[in-house]
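Reader: Please show the sequence and the structure, and then let us go through the model by question and answer.

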Amino acid sequence: MANHSQLGFQDASSPIMEELIEFHDHALMVALAICSLVLYLLTLMLMEKLSSNTVDAQEVELVWTILPAIVLIMLALPSLQILYMMDEIDEPDLTLKAIGHQWYWTYEYTDFKDLSFDSYMLPTTDLPLGHFRLLEVDHRIVIPMESPIRVIITADDVLHSWAIPSLGVKTDAIPGRLNQTSFITTRPGIFYGQCSEICGANHSFMPIVVESAPLTYFENWSSLLSS
């Protein structure tokens, strides 16, 4: 969970988010190298007199043409790899359908016969001690950890967006269209997200809470809820 003094990302809880953070650090190092080089060249040109070698040099022009191409390749290759990993959905263990409404979520576990519920934000007056205000819900999504989860996302009225930062998931919920995403939780815990689309007056009051638990806990929870 993020805090007020946090400058970086939340702790990654899925392999995709780990890759995204690593790519972010890689891109920042490339940007730092470019800024340092440009600053050095500007300082050099301001401190020294211009000469014919500085104004007209084919070797320099060749370098500043090839070097950006190499930098773009260094950024493009890992980026394409991550995009492929995010779109790849291979034999999920569980399929969850998320439907966005104004302003709450409905979840359906399609692998079970009668397992669906609405998820509303808990009012501050009903919030248990120690829970997060404006982020806690009355019904959490419970999933087995270390299992591939596929989420089919749509909306019933207007545009919404199903986003959980620590899992590296953000997919638009569009009326009349089914979008899908997938993730794997690498550890047990409770992960918070929100609708990240401006969907109306209560846009900021559509929290998402995913509870990752061992398989035995999930089986007991699902049997109690569906009975």
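Reader: At what angle do helix α1 and helix α3 pack, and how far apart are their axes?

Author: This is a predicted model, in which local features need pLDDT of at least 70 and side-chain atom pairs count only at pLDDT 80 or more, while totals for chains, interfaces and linings use all residues. Residues are numbered from 1 along each chain as its sequence is written, and side-chain values use heavy atoms, with hydrogens and water left out. Helices (H or I, at least four residues) and strands (E, at least two) are DSSP runs numbered from the N terminus, and axes are lines fitted to C-alpha atoms, for helices over the stretch in contact, with angles from 0 to 180 degrees between N-to-C directions. For α1 (residues 15-47) and α3 (residues 58-87), the angle is about 170 degrees and the axes are 10 Å apart.

Reader: Which word describes the direction of α1 relative to α3?

Author: Angles under 35 degrees count as roughly parallel, over 145 as roughly antiparallel, 65 to 115 as roughly perpendicular and the rest as oblique. The angle between α1 and α3 is about 170 degrees. That makes the two helices roughly antiparallel.

Reader: How many nonpolar, polar and charged residues has the contact of α1 with α3?

Author: Contact means heavy atoms within 4.5 Å. Residues of α1 including Phe23, Val30 and Leu37 meet residues of α3, among them Leu67, Met74 and Ile82. Ala, Val, Leu, Ile, Met, Phe, Trp, Tyr, Cys and Pro count as nonpolar, Asp, Glu, Lys and Arg as charged, and the others, Gly among them, as polar. By these classes the contact of α1 with α3 has 15 nonpolar, two polar and one charged residues.

Reader: Which residues of α1 are buried?

Author: Buried means under 20% relative accessible area, exposed over 50% and partly exposed in between (1.4 Å probe, protein chains only). The cover over the buried residues of α1 includes α3. Those buried residues are Ile16, Met17, Ile21 and Val30.

Reader: Why do the buried residues of α4 lie on the same side of the helix?

Author: Helix α4 (residues 215-226) has Phe218, Trp221 and Ser222 as its buried residues. The arc is that of the directions from the helix axis to the C-beta atoms. Because the three residues cover an arc of only 95 degrees around the axis, they fall on the same side of α4. On the other side, the exposed residues are Thr216 and Leu224.

Reader: Is Ser13 buried or exposed?

Author: Ser13 is placed in the segment before α1. Leaving aside neighbours within four places in sequence, Ser13 is in contact with residues including Ser166, Ile184 and Phe191. Its relative accessibility is 0%, so Ser13 counts as buried.

Reader: Which residues does a cis peptide bond join?

Author: Most residues other than glycine have a negative phi, and most peptide bonds are trans. The bond in question has an omega of about -5 degrees.

Reader: What is the phi of Glu146?

Author: Glu146 lies in the loop between β4 and β5 (149-155). With 57% relative accessibility, Glu146 counts as exposed. Although Glu146 is not a glycine, its phi is positive, at about 60 degrees.

Methods. Expected span 1.5 Å × (residues − 1).
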